[in-house]
Amino acid sequence: MMDWINSIIQGVLLGGYYSLMACGLAFMFQVMGIINLAHGTLAVVAGFAIWTVSEHFGISPFLALIGVLPAMAAIGWILQRGILERSARAGQLVPLLATFGLAIVVENLLFEGFGADTRSLAPYIDTLAYDSWAIGDVFIGQLSVLIFVIAVVLLGGLSLFLSNTHLGRAIRATAEDPDTVGLIGINARKVNTVATCIAMLTVAVAGMFLGMRATFTPYSGPEQLVFAFEAAVIGGSKSLWGTLVGGIVLGVSQTIGAQINPQGFLIAGHVVFLVILVARVSAVMPAFGSLARRLRGLTS
Amino acid sequence: MTVPSVVRVERWTPGSIIAAAIGVALVVFLAVGPVFFNANLIDKLTILFIYVILAAMWNALAGYGGLISVGQQAFFGLGAYAAVRLANLGLNPFLSLFAGAISVGIVSLPMSTFMLRLRASEFAIGMWVIAELAHLLVNLDSLINGETGTSFIELNEYDVVLRHTLIYWSALAAMVGLLGIVFLLLRSRVGISIQAIRDNEDAAASIGVKVLITKRIVFALAATGAATAGALWVASAITFQPKTYFSVQWTAYMIFMVLVGGIGTFEGAIVGAVIFFLIETWFGAMGVWYLIGLGATALIFALFLPRGIWGSLEDRFGIRLLPVGYRLNWAKGSNLIGNPGKPDSARHSAKVPEAPDALPDI
């Protein structure tokens, strides 16, 4: 019994990480309708950038992140102006092809620059990498809790930002109808650029935690992309709170799958993802996003 | 629908008849090739045929169906696995190549019912999840030994020269057969339906196009084709390592070939496969920079030349070697709007390469 409780708790915490990784992906999909296939690879770029700064100056990755954030925002600007804007004009599918090409270029450039060695940020954060609280037989990693809290703060903060600030509302309006917002004085081009920059800031944070909780190589991006995508889709395309739920569903599925069979970790995650997909297209179950909104509607 | 008498709807033009004749002659030449080709050339051409299959199948799915998938390695890997599995169960290894591919095609049908209901960009990466899952499930088969993989030992019983020649012929036959199916399908009602769906799904549905069934046909064809390619690949490589076969790089190659050759053009996929084959032969040894070059080329084509090489040539010169659409020929002396000398200027949509210039009687 204790094993199962432990699995669920670890799964929820893992889900926090997945939703953090999914945050930028879901944000860009919900705001611009673009799935960025270079998402995972860009998180790995942030991981390498933070690793380089930490290694070079001997500082904590958290400090290094502050330096890397503007760089990732700049990458967001280049991504939007150089690739997404141009490809989005050619239809919904061209951004997929373009970002797929970008991912191949970037991961191989990383390989050229950093080689095939696995890297980790864990050595730079002292004992945080393995410190944990013991509650009975259940050990709760402090880093996992930190990641979970950051995920809630980021997803919640972005949600509030979208609903309560002028810029947030402009972003949502642009998502609804990029042509019409021009009539009410919103510069859709600028808004989309800001949105991509914001997404890249969350990618930087996700990339840092990727490096802290595990190891990464230049080719780690696609796996992170798949997890992020699963979390985002399970969560539905309407709300960022849904993404948090989606991440947790994925994380719990994986840890329970691993509990059942050592090879079950990844299989269970993918199977649950597909089952939810099938259920949703058969219209049996609403997206968690809309469920979350309904629940919020009940409480407010 | 009747067509005004001043225009004649035609499919075959003198140019395309010559092109088709050259194509048939080329196939005959390739079929008798092993009599005088050396072993190296036979192996190289086998690989080229497999690339053509991969490009043509991804093009049918994405270029004509508008269904972009980054998970076609699922079918490539499953095709290879099915061939090895069936041969191990005692089926003739060459029969198992095709039986395996067809069984993967059958498996793809139930898959299509829910995958095709996804929105376009969700479908793209949802297929990737399918590929990951297929990979993990194949690893569970004790025959495969997890990531260690296994060998297609049943094929080793054949004499080396005979084996390579038989694989060559199998690949050639599969390529010609699949290209033929795509060609006939595109000329049929399904072909017109699928392009209508690609351009506007709601509008297509409103004029009576059966959206889901049409998409399923194309999805299953692309799955069967990719599985055939995977089976042929494992036949010529002998070793089956799941990681290699279920790698997303296969889809990257397909995207590269189709984007460079010309997405949505029948000839473009073939051109793209030949270009990719040559690039790999010349630059493949460069490793990482070769891959960077492939990715960058795909990116540049997606951004700046989305119609690819063949599509751009087609736009410019109105050439069409293999007639999968219709063209209007203005009768001499007609004074209708339009340029009588250039039948293809009657094309309406810039985005649609094969848009029928006149709808057939439906």
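Mentor: This is a predicted model, and some questions and answers on it follow.

Trainee: How far apart are the end C-alpha atoms of helix α1 of chain A?

Mentor: Helix α1 covers residues 2-32 of chain A, 31 residues. At 1.5 Å a residue, it should span 45 Å. The model agrees with that: the end C-alpha atoms are 44 Å apart.

Trainee: Where is the kink in α1(A) centred?

Mentor: The kink in α1(A) is about 40°.

Trainee: Is A:Met21 buried or exposed?

Mentor: A:Met21 sits in helix α1 of chain A. The cut-off for buried is 20 or more other C-beta atoms within 10 Å. A:Met21 has 31, so this residue is buried.

Trainee: Which residues does A:Met21 contact, leaving aside neighbours within four places in sequence?

Mentor: A:Pro70 is 49 residues away along the chain, and its C-alpha atom is 19 Å from that of A:Met21. The contacts of A:Met21 beyond four places are A:Ala43, A:Ala206, A:Gln224, A:Phe227 and A:Ala228.

Trainee: How are α7(B) and α9(B) oriented to each other?

Mentor: Their axes lie 9 Å apart and meet at an angle of about 110°. Angles of 65 to 115 degrees count as roughly perpendicular. The two helices, α7(B) and α9(B), are therefore roughly perpendicular.

Trainee: How many nonpolar residues are in the contact of α7(B) with α9(B)?

Mentor: From α7(B) come B:Val190, B:Ser193, B:Ile194 and B:Ile197. They meet residues of α9(B) including B:Val211, B:Lys215 and B:Ile217. By class, the contact has one charged residue, two polar and, as asked, nonpolar ones numbering six.

Technical notes. Residues numbered from 1 in each chain as written. Chains lettered and ligands numbered in written order. Predicted model: local features only at pLDDT ≥ 70, side-chain atom pairs only at ≥ 80, totals over all residues. Helix = DSSP H or I, 4+ residues; strand = E, 2+ residues; numbered from the N terminus. Expected span 1.5 Å × (residues − 1). Bend = angle between axes of the 7 residues up to and from the residue. Axes fitted to C-alpha atoms, helices over the stretch in contact; angles between N-to-C directions. Parallel < 35°, antiparallel > 145°, perpendicular 65-115°, else oblique. Contact = placed C-beta atoms within 7 Å. Nonpolar A, V, L, I, M, F, W, Y, C, P; charged D, E, K, R; others polar. Buried ≥ 20, exposed ≤ 12 C-beta atoms within 10 Å, placed from the backbone.
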